[in-house]
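Welcome! Here is a friendly first tour of a protein structure that may be new to you.

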Amino acid sequence: MKKLKGIKLLLVDDEPNILQFLEMGLQEEGFEVQTAQDGMAAVTLAKQFQPHIIILDVMMPGMDGFEVCRMLKKTENVAIIMLTAKDEVDDRVKGLTLGADDYMMKPFSFEELLARIQARIRNQFPNLLGEVELGAFRVDDRRKEILYEQRVLELSTTEYELLKFLVLNHGLVLSKAKILDKVWGYDFGGDENIVEVYIRSLREKLNDKEHRLIRTLRGAGYRVDL
């Protein structure tokens, strides 16, 4: 992904050295960055700054990252990536249950953090990117158009949203339940086998006869391989 302007990140950590390192690196990538060293400051700054992404440490004095996540997810349209030094499944589950969009363990590489930030932007704020090129795909969310191998695909609205979701999450296994929630909506009351019908249609339009592009993982879901 090329360097971008206009994407706002809030870094929240009580360790100044970590904040300084991440702030410098992310500013170099073109992001607009602000920082906070405790939970209360993070909540106040988030409401003023209106960030697209928050990198949020779990273990902080006073208000911890879980409470910050819970409060902000109620009122703000923001993607939250939580950081923790603990290798505990319960912590990860708690964070995700409260609305966190991703989770990283300390220590981590800057390159991995950047990749996760980019994934969140592609998924939750694609309009900031205009067009996203991934492998042989180009997703233009403003025109609601997807090109494959430089060919515009003739897609219905649902087919567009489904293929966009699959492509933006390439490499990940996506269950039918998750696809239904993200593409059809949580209140969809129909049969989840509708996903199979639309996957079949997409494969035909992509000439994916051998299912090498949209793979079926029996009992788990689907994965796009680029």
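The points below go through the sheet, a helix lying across it, a pair of packed helices and one glutamate. Please keep in mind that this is a predicted model.

**The sheet**

- Start with the open sheet, where 5 strands line up in the order β2-β1-β3-β4-β5 with parallel pairing.
- Its edges are formed by β2 (32-36) and β5 (102-105), each of which pairs on one side only.
- On average, neighbouring strands of this sheet are turned by 20 degrees against each other, direction ignored.
- At one end of that order, β4 (residues 79-84) pairs with β5 in the parallel sense over 4 bridges.
- To find one of the residue pairs that link these strands, look for Thr84, whose bridge partner in β5 is Met105.

- The buried residues of α3 are Gly65, Phe66, Val68, Cys69 and Leu72.
- Viewed down the axis of α3, these buried residues fall within an arc of 155 degrees, so they line one face of the helix.
- Lys74 and Thr75 sit on the other side of α3, and both are exposed.

**Helices α7 and α8**

- Two packed helices are described by the angle between their axes and by the distance between those axes.
- For α7 (residues 176-184) and α8 (residues 194-205), the angle is about 80 degrees and the axes are 10 Å apart.
- The two helices are therefore roughly perpendicular to each other, as angles of 65 to 115 degrees are counted that way.
- From α7, the contact draws on Lys176, Ile179, Leu180 and Trp184, while α8 brings in Ile194, Val195, Glu196 and Tyr198.
- Sorted by type, the residues of this contact comprise 6 nonpolar and 2 charged ones, with no polar residue.

**Glu159 in helix α6**

- Glu159 belongs to helix α6, which spans residues 157-168.
- This glutamate has a relative accessible area of 7%, and Glu159 is therefore buried, the limit being under 20%.
- Leaving aside residues up to four places away in sequence, Glu159 touches Glu154, Tyr198, Ser201, Leu202 and Lys205.
- One of these partners, Tyr198, also takes part in the contact of α8 with α7.

Key: Residues are numbered from 1 along each chain as its sequence is written. This is a predicted model: local features need pLDDT of at least 70, side-chain atom pairs count only at pLDDT 80 or more; totals for chains, interfaces and linings use all residues. Side-chain values use heavy atoms; hydrogens and water are left out. Buried means under 20% relative accessible area, exposed over 50%, partly exposed in between (1.4 Å probe, protein chains only). Contact means heavy atoms within 4.5 Å. Two strands pair if DSSP finds at least two bridges between them. Axes are lines fitted to C-alpha atoms, for helices over the stretch in contact, and angles run from 0 to 180 degrees between N-to-C directions. Angles under 35 degrees count as roughly parallel, over 145 as roughly antiparallel, 65 to 115 as roughly perpendicular and the rest as oblique. Ala, Val, Leu, Ile, Met, Phe, Trp, Tyr, Cys and Pro count as nonpolar, Asp, Glu, Lys and Arg as charged, and the others, Gly among them, as polar. The arc is that of the directions from the helix axis to the C-beta atoms.
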